[in-house]
Amino acid sequence: MNAETKIRPPFDAARERAPFDVARIREDFPILSQMVHGKQLVFLDSAASAQKPRAVIAAMTSAMETQYANVHRGLHWMSERTSDAYEGVRDKVAALINAPSRAEIVFTRNTTESINLVAHSYGRGILKPGQAVLITAMEHHANIVPWQMLRDAHGVELRVAPITDAGELDMEGFAKCLEDGRVGLVAVTHMSNVLGTYLPIQRIAALTHAAGAQLLVDGSQAVVHRAVDVQALGADFYVFTGHKLYGPTGIGVLWARRALLDAMPPFMGGGDMIGSVSFERSTWAEVPHKFEAGTPAILEAIGLGAAIDYVNAVGMDAISAHESALTDHAIAKLSEIDGLTIIGRAQDRGGVISFTMDGAHAHDVATLLDRNGIAVRAGQHCAEPLMRRLGLSSTARASFGIYTTPEEIDFLAATLVRVRSFFQ
Amino acid sequence: MSSFDDVRDLYQDVILDRARNPRHMHILDPFDAAARGDNPMCGDQVEVRIRRTPDARVAEAAFQARGCAISLASADLMAEAVRGLPDADIRALASDFRDMARTGATHSATPAIEMLRPLSGVCEYPSRVKCATLPWAALIAALDGAQEAQHE
Ligand SMILES: Cc1ncc(COP(=O)(O)O)c(C=O)c1O
């Protein structure tokens, strides 16, 4: 063995990619050069919805300009091309989350619709009155309200697993909620949109399955920041929304194990989801089409496909490394600010940071930041019960994406120091 | 350095002062009417209480609140502006105030609306208009005998 082979790492396709270059990436997002109130835009609200790279915009425009028609219906060239493009995105999504089969990928409008689909179909079709659904105290309203509606309509119980003051799931409390064996479905977020906490999905899955229940994971935030492998996680359902993954609005995903999808009754009825129809009865199409009634979000799906290609080209591991460096930097910077409190101190966390400031309400903070070009979110972040648990009425939240730079975080920190003295 | 000159139209000195040291943020007891206002989008809450004079004017108004500088200052100035007014005048004032918060302009120039004028800058900040109008919605609900303000 000579010296050269010793120092050379084994060949790895991912390593052969161009190194992560945030300046280059920023050029792919036309909106980032916009001015706001005469200031350079500093967009720190990607957790609410991310900006779109030119590749996504171009894919949607090009589809409309060159090959647009309805899918699965026409026996003509345009329709065939569009059907291929639309169905091709199913493969891309399946690969993104390592789903065993493309037939397990159902397109919806967003996470909210994916969860409602499961609450309706699985909830009413499979769960029995008297069984329970278990969520956590840090869920988004999208993973609370559909279960409340199911509870009220179908007589299942809704349980809430406690969290710790650090903003992590209380695993003992969680296990207790499963003890009586009545929980049929556990529905948890993969990453909190308020605290940035990642939940230990593999441990949750093991406990869930040991209790005889199925596991739904809300990947709205996590899928943007980390490589997701639904099989390794041990999830039974995984849901996310396209617009946070640099894709367009109006397109979301439900992945579920084939056996579950086969057993579940349809959610909505109409065209595209049927085998055959007569006035007496109809039969259902095979999955995933059984769950895609009506003309789908064709262009939005094509846009999502382009977003996945974009993220893959940059490399999910490189994105994760970039964002976790940013998160460490931001926590260090914000922690130096007198009177600023970061909410949540989870061990495993990502680039979503909520904070409060003594003497300044989150709204006032957000307005002053906005006047300096900095976009953050302020309020309850669609997680009222979590805010109540934390004893807070609102927080400001800065969240990071593929295009966020350390300089932007420095500017946020410097501006927050000025905000603090303004309100003192 | 920390002047933020361009937000001074919104955060005038009167507003910052009222938000830091509200004069009418206390529990009024006894009271004749009360109502709450909630903004579920942002978590702001206000409760307004009033005491009446024998001839049915507002003798005193006070509030309890959790909210931003704009909502606290608005509630505090409101409590002062409505003192001694009959209901009809308060309703007219509330309507004028709401228009001012949205457009910057008022229909009248009564001493009461003049007292509220420092809040007119909020019209440049559409997402903050509700912060200024929430206490007024609660006050009107109290006059109506309702427990809670209508969501706008
Ligand atoms: C954790 C989480 N779940 C669910 C949602 C809902 O996503 P959507 O509004 O796209 O359905 C969001 C985003 O708003 C979220 O952050």
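Student: Which residue stands opposite A:S399 in β17(A)?
Tutor: In this predicted model, the residue opposite A:S399 is A:V352. The strand β14 (residues 352-357) of chain A is joined to β17(A) by four bridges, and the two run antiparallel.

Student: What makes β14 and β17 of chain A count as a pair?
Tutor: Pairing takes at least two bridges. β14(A) and β17(A) have four, so they pass that cut-off.

Student: And which residue stands opposite A:R397 in β17(A)?
Tutor: That one is A:R377. Strand β16 (residues 377-379) of chain A runs antiparallel to β17(A), with three bridges joining them. The cut-off is at least two bridges, so β16(A) and β17(A) also pair.

Student: How do you know whether strand β17 of chain A is enclosed by the rest of the structure?
Tutor: Check its residues, 395-399: five of the five are buried, so the strand is largely enclosed by the rest of the structure. Buried here means under 20% relative accessible area.

Student: Which way do the residues of β17(A) point?
Tutor: A:T395, A:R397 and A:S399 go one way, while A:A396 and A:A398 go the other, and all are buried. In a regular strand, side chains alternate between the two faces of the sheet.

Student: What is the strand order of the open sheet of four strands?
Tutor: In chain A it goes β13-β14-β17-β16, with antiparallel pairing.

Student: What makes a strand an edge strand there?
Tutor: Pairing on one side only, which is the case for β13 (340-343) and β16 of chain A. On average, neighbouring strands of this sheet are turned by 30° against each other, direction ignored. At the β13 end, β13(A) and β14(A) pair in the antiparallel sense over four bridges, and A:I342 stands opposite A:F355 in β14(A).

Student: Which helix packs on the sheet?
Tutor: Helix α16 (residues 406-422) of chain A does, touching β13, β14 and β17 of chain A. Its direction makes about 15° with that of β14(A).

Student: How are α14(A) and α16(A) packed, in angle and distance?
Tutor: Helix α14 (residues 362-370) of chain A packs against α16(A) at about 125°, and the axes are 10 Å apart. That angle makes α14(A) oblique to α16(A). Roughly perpendicular covers 65 to 115 degrees and roughly antiparallel needs over 145, so an angle between those two ranges is oblique.

Student: Is the crossing of α14(A) and α16(A) left-handed or right-handed?
Tutor: Right-handed. On the α14(A) side, the contact is made by A:V365, A:L368 and A:L369, and on the α16(A) side by A:L412, A:T415, A:L416, A:V419 and A:F422.

Student: How do the residues of the contact of α14(A) with α16(A) divide into nonpolar, polar and charged?
Tutor: Seven are nonpolar, one is polar and no residue is charged.

Student: What is the pairing in the open sheet of seven strands?
Tutor: Mixed, with the order β4-β10-β9-β8-β7-β5-β6 in chain A. Its edge strands are β4 (105-108) and β6 (157-161) of chain A, each pairing on one side only. From one strand to the next, the twist averages 20°.

Student: Which helix lies across β7 and β8 of chain A, running at about 155° to β8(A)?
Tutor: Helix α8 (residues 201-210) of chain A.

Definitions and conventions:
Residues are numbered from 1 along each chain as its sequence is written. Chains are lettered from A and ligands numbered from 1 in the order in which they are written. This is a predicted model: local features need pLDDT of at least 70, side-chain atom pairs count only at pLDDT 80 or more; totals for chains, interfaces and linings use all residues. Side-chain values use heavy atoms; hydrogens and water are left out. Buried means under 20% relative accessible area, exposed over 50%, partly exposed in between (1.4 Å probe, protein chains only). Axes are lines fitted to C-alpha atoms, for helices over the stretch in contact, and angles run from 0 to 180 degrees between N-to-C directions. Contact means heavy atoms within 4.5 Å. Angles under 35 degrees count as roughly parallel, over 145 as roughly antiparallel, 65 to 115 as roughly perpendicular and the rest as oblique. A crossing is left-handed if the near helix is turned anticlockwise from the far one by less than a right angle, and right-handed if clockwise. Ala, Val, Leu, Ile, Met, Phe, Trp, Tyr, Cys and Pro count as nonpolar, Asp, Glu, Lys and Arg as charged, and the others, Gly among them, as polar.
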